[in-house]
Each structure stands twice: as C-alpha cells, then as structure tokens.
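User: I would like to go through the charged side-chain contacts of this structure, with the criteria stated as we go. Could you take them one at a time?

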2 protein chains.
Amino acid sequence: MNRPPKLYDYVDDGAEIYRRSFGTIREEADLSGFGPDAATIAVRMIHAAGDVRITDDLRIHPDLVAAARGALRSGAPILVDATMIASGVTRSRLPADNQVICRLHDQAVPTIARDWRTTRSAAAVSLWLDDLDGAVVAIGNAPTALFQLLELIDAGAPRPAAIVGVPVGFVGSAESKKALEANPYDIPYLVVHGRRGGSAMAASALNALAREAEL
Amino acid sequence: MNRPPKLYDYVDDGAEIYRRSFGTIREEADLSGFGPDAATIAVRMIHAAGDVRITDDLRIHPDLVAAARGALRSGAPILVDATMIASGVTRSRLPADNQVICRLHDQAVPTIARDWRTTRSAAAVSLWLDDLDGAVVAIGNAPTALFQLLELIDAGAPRPAAIVGVPVGFVGSAESKKALEANPYDIPYLVVHGRRGGSAMAASALNALAREAEL
C-alpha cells in the first residue's frame with residue numbers, strides 16, 4: 001500500500017517534531033527556577049502535558065536529578081502506582097535495563113485493602129517493601145498511595161532514592177504532595193502542586209530522568 | 001503486617017473518594033455546554049486531568065456518545081495510538097469484552113514509517129484498516145496519527161463509528177484537532193482543542209464511554 005495523498009500541512013518527521021516542540025517549550029516556558037538538569041525534566045513534563053504553565057506548580061528538590069539518575073545507573077528498580085505509568089516508561093532509555101514494578105494487580109492487593117480499610121492503590125504500596133531500598137518511586141495516580149508510602153517509611157520501611165509525586169485529582173492530591181515536599185527523611189522529590197498530575201506526567205519525568213540527553 | 005499508623009488526615013475509602021471528587025467537579029465545572037450524557041464524559045476527563053477548565057476546550061459532537069456506546073455494545077474494537085491508552089482502559093467497564101488494539105509496536109511499523117516518510121505513530125494507523133469499520137478510535141499522543149487517519153479515510157478506508165481526538169503537544173496537535181472537528185465524513189468526534197490532551201484524557205474518555213453509570 002502507498003501512503004495516501006497528504007491533505008494537510010503538517011510536520012511528519014519525528015525528529016523534527018521533537019526539535020520544534022522542545023524549541024517552542026524553551027522559548028515559552030519560564031524555566032528560571034530550575035538548574036540545567038532540572039530544566040530538562042521540566043521541558044519533558046511540559047511536552048507531555050501540552051502546557052508550559054505547569055512550571056508554576058513544579059518543584060524539583062535540588063538533589064532529585066542526581067539521586068534518581070545515580071540510582072537508575074546502578075540498577076535500581078522503578079516502583080509505580082499505576083500500570084499506565086509502567087506502560088509509558090520507554091524501556092530503551094533506561095540505563096541498566098531497570099525493572100519497572102507495578103503491584104496494583106497483585107493477587108494479594110484486594111485482601112490487604114480490605115484488612116487495612118484503604119484503597120487498592122495504597123494496599124499495593126505495602127508490597128513494595130522488598131524493592132524499596134534505593135528505588136526510584138513514581139506515584140501518578142493515587143494520593144492514598146503517596147500518603148501510604150510516607151507512613152510506611154515513617155514506620156521504618158526502607159527509603160527510596162527519590163520520589164516523583166504527581167498524583168492527580170480533587171481529593172487528597174494537593175495535600176499528599178505538600179506532605180511529600182515536607183518529608184522529614186530528606187528524600188529528594190519532584191512534585192506538581194495542586195490537583196494536576198497523572199500517569200503521563202509521571203512517565204515523562206521518569207523518561208527524562210532515565211536518559212541525560214534531552215531528546 | 002498491620003497497617004502503620006495514619007499520620008495524615010485523608011480519605012482512604014475508594015468509593016468515597018470518587019463520590020467527593022465527582023461532587024467537587026460538578027460543583028466547580030461549567031458543564032452548561034454539554035447534554036447529560038456528554039457531561040458524564042466531561043466529568044471523567046476533568047477527573048483524569050485534575051483541571052475543571054478543560055471544558056473551555058472540550059468539544060463533543062452531539063452524536064458522539066450514542067455512536068461510541070452503540071459501537072461498543074455491539075462489540076466494536078477500540079483502536080488507540082499509544083500503549084498507555086490501552087493500559088488505561090478499564091477492561092471490566094467494557095460492555096462486550098471489546099478488543100483494545102494498539103499497533104505501534106508491530107514489526108511492520110518501522111518499515112512503513114520509512115517508506116511513507118512519516119512517524120511510527122502514523123505508520124501504525126495504516127495497520128488499522130481491517131479493524132476500522134465501525135470501530136471506536138482514540139488518539140491521545142500523535143497529531144500525525146490523527147492526520148494520517150483522516151487522510152486514509154479520505155482515500156477510501158472504512159469509517160470508524162467515533163473518534164476521540166486528543167493528541168497532545170506543540171507541533172500539529174491543535175491543527176489536527178481542528179481537522180477532525182471539520183471532518184467532512186460526519187464521523188462523530190470528541191476533541192480537546194489546543195495543545196492539551198494525552199493518554200490519560202483519551203483513556204478517561206474511553207472509560208466514560210464504556211459504561212453508562214457515572215462511577
């Protein structure tokens with residue numbers, strides 16, 4: 001089959017689309033609050049969100065990029081709260097063929113959720129304990145998962161190397177990200193304050209952290 | 001293991017989180033431009049985006065909901081341009097155990113992309129032809145995929161029952177959604193105009209279309 005006639009005027013070269021996109025983002029976005037490494041994370045998150053204004057709410061701890069990249073290079077797993085995030089991580093960008101782990105659909109989850117009287121997303125976090133030490137965590141869906149993680153760490157669970165905390169929504173989301181920013185364990189974090197967030201933002205942050213080259 | 005002490009004041013009952021979320025959305029969002037069925041789609045997309053203002057850019061064709069629901073009830077497949085969307089479709093909501101098809105990682109795609117001098121996302125759309133007749137399409141990533149779909153239809157490809165067109169980004173995204181809205185084939189559409197969109201919005205629209213009950 002041949003390509004049908006092109007009826008619209010649009011760029012169809014993938015590399016050129018990326019170059020123009022990132023060029024527009026760097027022209028329009030206010031990246032003044034970010035160092036050069038953090039700015040590359042912000043640019044990719046803006047790209048995923050289609051909105052340069054997310055920088056208003058984006059906070060990146062000064063050690064976040066180095067901590068997450070160091071962990072990934074040394075083979076740390078990535079723990080996520082939603083299958084969509086796992087699906088959005090570009091495996092070829094990972095520096096050490098890192099495992100991407102989502103426990104949401106583990107058999108044990110419904111029972112734990114019932115026993116703990118909490119959401120399945122939060123219950124799934126209790127299954128992270130064996131993988132948590134030095135891991136890179138990304139929470140893009142459930143505020144309860146982020147609260148649960150902080151509570152497990154407070155109760156003595158191993159500490160991850162870095163936490164991308166971008167749960168989305170209208171109930172608990174903003175509060176959970178404030179709690180992460182205020183975490184007393186010195187764990188470097190990335191948050192998008194307020195209600196916005198989601199799997200696409202979480203995956204884009206992970207993809208930016210995974211490879212140092214911007215494209 | 002017991003649940004560790006709760007350190008934060010948050011709602012951890014999943015059903016209650018949904019009820020409060022949807023309540024807040026219906027209180028704050030301007031849904032006046034939508035009929036009752038379209039409003040349920042808008043509410044779920046707002047929920048996924050964490051932003052009530054997406055209604056400013058959301059356009060839902062008057063036949064979209066009926067066309068998509070009718071197609072899904074009769075067993076039509078769902079065609080998507082990104083694995084993240086496929087991953088975000090809640091299978092238990094689907095009325096007829098509908099297939100969710102993403103061709104992006106098919107073996108043939110890189111060759112077609114090279115021959116057609118286009119993106120892999122657009123090339124993958126050329127592999128939809130056998131499934132396209134009466135299907136529900138959701139494009140949440142690549143503007144080139146949406147342009148390619150419209151061009152294939154113009155060249156005689158089978159027509160889908162409905163198109164959710166929410167590609168995201170800074171190059172071609174806004175233009176591709178205008179092209180979809182202006183489609184001369186009377187295919188019912190849903191678009192979020194401008195740069196915003198993405199897999200989460202696409203998946204939430206599909207999940208809302210899949211089940212008539214709001215929750």
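Analyst: A:Glu16 is partly exposed, with a relative accessible area of 23%, where buried means under 20%, exposed over 50% and partly exposed in between (1.4 Å probe, protein chains only). This is a predicted model, in which local features need pLDDT of at least 70 and side-chain atom pairs count only at pLDDT 80 or more, while totals for chains, interfaces and linings use all residues. Side-chain values use heavy atoms, with hydrogens and water left out, residues are numbered from 1 along each chain as its sequence is written, and chains are lettered from A and ligands numbered from 1 in the order in which they are written.

User: Which side chain meets A:Glu16 in a salt bridge?

Analyst: A salt bridge is a side-chain nitrogen of Lys or Arg within 4 Å of a carboxyl oxygen of Asp or Glu. At 3.0 Å, N to O, the partner is A:Arg19.

User: How far apart are the closest N and O atoms of A:Asp12 and A:Lys6?

Analyst: A:Asp12 is buried, at 14% relative accessible area, whereas A:Lys6 is partly exposed, at 39%. Both belong to a network of salt bridges that also includes A:Arg3. Between A:Asp12 and A:Lys6, the closest N and O atoms are separated by 3.0 Å.

User: How many salt bridges are found over all chains?

Analyst: Chain B contributes one between B:Asp51 and B:Arg196, at 2.8 Å, and both of these residues are buried. Over all chains, the search of the whole structure gives a total of 18.
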